[in-house]
Amino acid sequence: MPVITYRQALNDTLRAELTRDENVFLIGEEIGQFEGSYKITAGLLDEFGPTRVRDTPIAEEGFVGAAIGAAMMGLRPVAEIMTINFSLIAMDQIVNHAAKIYGMFGGQTPVPMVIRTPGGGGQQLGATHSQNLEVWYAHVPGLKVVAPSTPADAKGLLTAAIRDDDPVIFLENLSLYNTKGEVPDGEQVTEIGKAAIAKEGTDITVIAYSRASVIAVETARKLEEEGISVEVVDLRSLRPLDRQTVCESVRKTSRAVVLEDDWLSYGVGAEISATVMEGAFDYLDAPVRRVAAAEVPLPYAKPMETAALPDAQDLTKVIREQLEATSFFR
Amino acid sequence: MQEFDQRRQGLSGLKTMAMIRAFESRMPVLSEERLIRGSTHPSAGMEAVATGVSLALGPQDSIASNHRGHAHCLARGSDPGRTMAEILGRRDGYGGGKGGSMHIGVAELGILGTNGIVGAGIGLATGAALAAQMQGSDAVSVVYFGDGAANQGVLAEALNLAAIWKLPVLFVCENNHYAQSASIEEMIAQPDLKQRGLAYGVPSVDVDGMSLGDTFTAAAEGVERARSGSGPTLIIADTYRYLGHMAGDTEIYRNQVEVEQWQAKDPIARLVSQLLEAGVITTSDWEDIQEEASRVVQEAEEFARNSPFPDASDATQDVYSKGVPA
C-alpha cells in the first residue's frame, strides 16, 4: 500500500472527486494560483480551471453563503476556510442556514456541501489562529462533523463528505498535514459516524480525534513496552458520534481517559464522559478523566504555547494516575 | 426587454396585489386569535415591489426572501392555502409546520426561503446565481432585503462577489424606511442606498416602489442584464409598510400622519386609477377583482384552519437528508 502524507491524501481525493462528478467544485481564499495556504489544492487550478477551482475575496460569510445557495441548486461545493478561526465570520451561514435549510423547509432541499478547514495550535500562530472550534459545529443538529487523524481516513472521510447530501464540516489539523501513512489505492469511502479502534488494548481506553488521536496511539505504543495495554478509540466523526464503539471499549477496559486539543469546559471530553456514564457506568472502575488544553487564549511564545497544549506527557501522567487509582500496579 | 403592458402585467399584477393585500390584512386578525404564534411580519403597502419583480421573472428563476416574505412567495406563485397553513404551523404548510412565517421554502418554485436572519438571503441568492452561471442556464436569482439589512456585512461581500463574477442576480432593497423601529435617518448617514451598489461596480437604480410599472420595468432591465451575462443589478425600491413591524408593534416610532401620507400613494389604488383611465378595467371589473381576492384568501384561510397540526413525532424527522439518528 502506498505511503503518502495527509496533505497528499486530501489533494488526491479532491482531484478524484472533481474528476468523478462535474457538480463538485472548490471555492475559497487562495486555493487557485496560490494552491491553498497549506497547499492542499496544489495543481488543481491547472487541471480543472478557475470556474471549478474558484478563488474568492476575503469574504467568508459571502462565499460560504454562496456555496450554500449553489448547493441548494444541485451543485456540490467544497469550500476551504483557511483556518477554522475564520469560520466564525461565516457562522450565521453555517449554523442558521446550511444546518437548517433541509429540516426547517420540511425536507425539500438538501444542502450537499463540505467545508474543509484546519484547526489546532502548536504552530505559534497565536490566540486567534490556533483554536479548536469544531465542538461549536458538533453541537448543531443538521451539520455533520468529521475529523480524520490519518491519511487513510482523510481520503475515506473526504470522499464520503463530498458524496454526502448534508452539510459536512471537515476538520483538518495544521500539525497533521505532513504526517504519513498507508493509504489504499482506488476508491475508499469511510462511513461518517463510525469511530475506529486505532489501537487495540485491554487495560484502559483513550478516546481522541484528529491530532490527539495520533498522540494517543504513540503514547499507547510506548506504554505497551511497560506492559500497559491501552486501547485507543479514534472518534473520526464528532457528529454523528459513535457512542456505541466508545461504550463497548470502556466496558472491556473499565477505565477511560479523553484526550482533546480543545479547552476542557463544555468540550468533546465532557460529551464522551457523559456518554460513558450513560452507557458503561456499571463497568467503570474509576471516574472518566479528561486531558485538554489550558483554558487560556493560546499564547504565542513557544514555552507558553507548549505548556498550554496537552501532550503525550500529560496523557501518560493521567493514564498512570488512573491505573494507580484502580489498583492496576499491585 | 419586456415592456410594461397595462393589459398584461398591469392587470395580472393588480390581481396579485389585491390578493396579497387581502392575505396580509388577515395577519393581525389571526395573530389576535392566537392562531399565528411567534412572530409574523406583514407587508401591506409594499405589494408593488414583490409583484413587479415577480412579473419580470421566468419559471427557471429563483428568489430568496426575508422575515417579511409572504408577498414574495405569493407573487412568485406559492399556493395561498399552503402558505397560510405554514404560517399557522399546520401539516399542509410547505414545510409541514416546521418553518412558520419566517421559514417558508418552496423548492418547486425556486423559493430559497423566507428567512429569519436579516440579510442572510443575500448570500443564498448569490449562490443560486453562481450555480446558474456554472450550470450554463439562463436562470437569474433575486434577493429581497430591507433598508435594515443594507447595514449587514453580507451585502457588501455579496455585491462584490456578484460584481467580480458577473453573477445573474438582482439585489432588490425594499426601503420601507424602518428597520423594525429604527428609522433610516437615524441609522444610515448616506441615505442614497444605491451608492452602495455603485461602490462595488454594480449598476444600481432608484425606483418608486409604490408603482407596479416602475418596479416591473427596473426588474425587467436587471433580469435582461443578468440573462445576457452582464452581471448583477441593485434596485432600491422606495416603499412603506402600513402595518407594524410585527403583530403587537406599538409603533411609537412613527405617527399616523406619516402613515396616511404614504397611504395616499397606495400602490393598488394608484394602479386601479391608471387601469381605469386606460380603459383596461371598469369599476365593476375592479369590484370583481377585489371579490376574487377575498374569496381566494378566505379559502386559503379555511384550508389552513382545517389543516391538522403535525404529529409530535414529526419533530425529529428530516434533520438530515437520509435520516441519521441525532
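**The domain interface**

Mentor: Domain 1 and domain 2 of chain A together bury about 2100 Å², and 53% of that lies on carbon and sulfur atoms. Buried area is the accessible area (1.4 Å probe) that two parts lose on being put together, summed over both. A:Gln124, A:Asn132 and A:Ser149 supply 25% of the area that domain 1 of chain A buries against domain 2 of chain A, more than any other three residues. This is a predicted model, in which local features need pLDDT of at least 70 and side-chain atom pairs pLDDT 80 or more, while totals for chains, interfaces and linings use all residues. Residues are numbered from 1 along each chain as its sequence is written, chains are lettered from A in the order in which they are written, and side-chain values use heavy atoms, without hydrogens and water.

Trainee: Which residues belong to domain 1 and domain 2 of chain A?

Mentor: Domain bounds come from an automatic or database domain assignment. Here it gives 3-182 for domain 1 of chain A and 196-325 for domain 2.

Trainee: How many residues of domain 1 of chain A are in contact with domain 2 of chain A?

Mentor: Contact means heavy atoms within 4.5 Å. By that rule, 29 residues of domain 1 of chain A meet 24 residues of domain 2 of chain A.

Trainee: Which residue forms a salt bridge with A:Asp153?

Mentor: A salt bridge is a side-chain nitrogen of Lys or Arg within 4 Å of a carboxyl oxygen of Asp or Glu. The partner of A:Asp153 is A:Arg236, with the closest N and O atoms 2.9 Å apart.
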